[in-house]
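Here is a short briefing to read with the structure open beside it. Start with the overall picture, then move to the details.

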Amino acid sequence: MFNISRRTFNGLMGAAGALTMAGGLSACSGGAKVVVIGGGFGGATAAKYLKRYDPSLDVTLIDADKTHFTCPFSNTILGGMNDMAYIERKFDVLVNKHGVKVYTDLVVAIDGAAKVVKTKSGQTFAYDRLIVSPGIDFKWNAIPGYDEAASHIMPHAWKAGPQTVLLKKQLEAMPAGGLVVISAPGNPFRCPPGPYERASLIAAYLKKHKPKSKLLILDSKDAFAKDKLFKEGWEKLYDDIIEWVPAAKNGKVTKVDAKAGVVETDFEKFKPAVANIIPPQTAGKIAIDAGLADKSGFCPVNPLTFESTLVKDVHVIGDSSIAGEMPKSGYSASSQAKITAAAVVALLKGEKPGEFSAINTCYSLLAADYGISVAGVFSIQDGKIANIKGAGGVSPMGANYQFRKKEADFAVGWYQSVCQDSWA
Amino acid sequence: MRGIPTTLALCLAFGLAILPAAAKAADPVAVMADACSGCHGTDGHSIGGMPAFSGKNADELKKFLRDYKSGAREATVMDRIAKGYSVEQLDAIAAYFASRKK
């Protein structure tokens, strides 16, 4: 199917070639090719909304995997609340309902000059505009001893999928009264409240299935997202289970020996039953290989369009992008994807991109009936994406059971909606 | 460079009028309102526990949003979000969702 339409396409392009000199006829963007790399919240939403804003576009989404496991709600699997199928997203609705072409393949190169991407299987895809949404990759050995091989013994589980399953199995296999260690990275990283939601839901699991166990969060920071709310909840729910050790109290993990099962800080050595090491992160590998990242390891973009400031006609969204005060979250990626889709449609027609307006909402569960949230509304201020003052912020401290329960229920509703909006 | 011949090819091949194809994208209200869909579903068709907008008329939605902004209506999160918009913007968002397909 694809090859035939492509050949037809090339033929038409040839026939029309001579006429392009006439110029000025830019209002019809029909058939312009947009390629999207990555089928997570950013990529899937971008593909869907490109077709929504301009059905005549030729939109191709390429993801290395046949399905996508979402990081949001992956902690509920560790907590024993859901199974892997709950967080598995398929691409069939994007194909059948929205007319997106989806390929399972790994993009190995982006040629920004020729405007072509190349895949591992040897396919090439030409684009008029490219949207890159590859999520994150890891700085292996930034924690000495923690490389990819070590992650198969001490999982990061910071990309959902087999790593989530591995960590879950380790939790199930550990003895009661055992120690779980979570190593939390310094900023910036994917999902700032994520390690602390994870600690909460693992603690919920330990409380029920592994009595007298402890969970130690060894942190590279002295503060974290929604920290007051987490601490308030932990005191209520997991006072005898969770201990958070900030950087100032030597919480930073400085060395790992996965084979020996040892996690070290400057002053202490731990031999936990389960170690979850969340290492420092960079933009997705393809973004780095394509020269889209700066020295920070993430990708600078024009905040109005998310077009790379380093490679023309290439847009970077989601966790890989440097998006000012927008956190690296699934909702942020999805919100950025819509802005980018609208901007790409406008730019392909030779029009000015529209106005910027973005939201992030992010729920964290401390238990099945205990939820907290952070929200932000964003605009461009002094050339950077920033929180609109007076809006956003976190859930109130000291709220009653009903309020926390309501937010836990909204967390589930949030997940169902944001997945529907991205993949269905 | 590639975009122009591609554009022309299709416009010519299918005899399309050279007109803006989908005016929605240029509409700043659509971009502003679509940011809400992450929680409330595409076009407000929430499938889960989040309130859906479908079936609500513009005045109803306007009142909700204005009351969240002013604090007249209790909320868990919508008070924090509504404060990020002017009353005019909230009214435009309400009108947008009321006008979407049921």
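Chain A has 424 residues, and a compact globule of that length would have a radius of gyration near 22 Å. The value for chain A is 23 Å, which agrees with a compact globule. Keep in mind that this is a predicted model.

**Chain A as a whole**

- The C-alpha trace of chain A spans about 75 × 45 × 40 Å along its principal axes.
- The chain A secondary structure consists of 11 helices and 25 strands.
- Of the 424 residues in chain A, 54% are buried.
- Take the contacts in chain A between residues at least 6 apart in sequence: 68% of them join residues at least 24 apart.

- An unreviewed UniProt entry places the feature "domain: FAD/NAD(P)-binding" at residues 33-148 of chain A.
- Over residues 33-148, chain A is 21% helix and 33% strand.
- The end C-alpha atoms of residues 33-148 of chain A are 36 Å apart.
- An unreviewed UniProt entry also places "domain: Flavocytochrome c sulphide dehydrogenase flavin-binding" at residues 358-423 of chain A.
- Over residues 358-423, chain A is 35% helix and 42% strand.
- The end C-alpha atoms of residues 358-423 of chain A lie 19 Å apart.

- Look for A:Arg52 in helix H2 of chain A, which covers residues 41-53.
- Is A:Arg52 buried or exposed? A:Arg52 has 22 C-beta neighbours inside 10 Å, so it counts as buried. The cut-off for buried is 20 or more.
- A:Arg52 and A:His98 are 46 residues apart along the chain. Their C-alpha atoms are separated by 7.8 Å.

**A helix pair in chain B**

- Two packed helices are described by the angle between their axes and the distance between the axes.
- In chain B, helix H4 (residues 58-70) packs with helix H6 (residues 87-99) at an angle of about 145°. The axes of these helices are 8 Å apart.
- The crossing of H4(B) and H6(B) is right-handed.
- Which residues of H4(B) meet H6(B)? They are B:Ala58, B:Leu61, B:Lys62, B:Leu65, B:Arg66 and B:Lys69.
- By class, the contact of H4(B) with H6(B) has 10 nonpolar and 4 charged residues, with no polar ones.

How values were computed: Residues numbered from 1 in each chain as written. Chains lettered and ligands numbered in written order. Predicted model: local features only at pLDDT ≥ 70, side-chain atom pairs only at ≥ 80, totals over all residues. UniProt positions renumbered as here; feature names shortened; annotations may be inferred. Helix = DSSP H or I, 4+ residues; strand = E, 2+ residues; numbered from the N terminus. Rg over C-alpha atoms; globule rule 2.2 N^0.38 Å. Buried ≥ 20, exposed ≤ 12 C-beta atoms within 10 Å, placed from the backbone. Contact = placed C-beta atoms within 7 Å. Axes fitted to C-alpha atoms, helices over the stretch in contact; angles between N-to-C directions. Left-handed = near helix turned anticlockwise from the far one by under 90°. Nonpolar A, V, L, I, M, F, W, Y, C, P; charged D, E, K, R; others polar.
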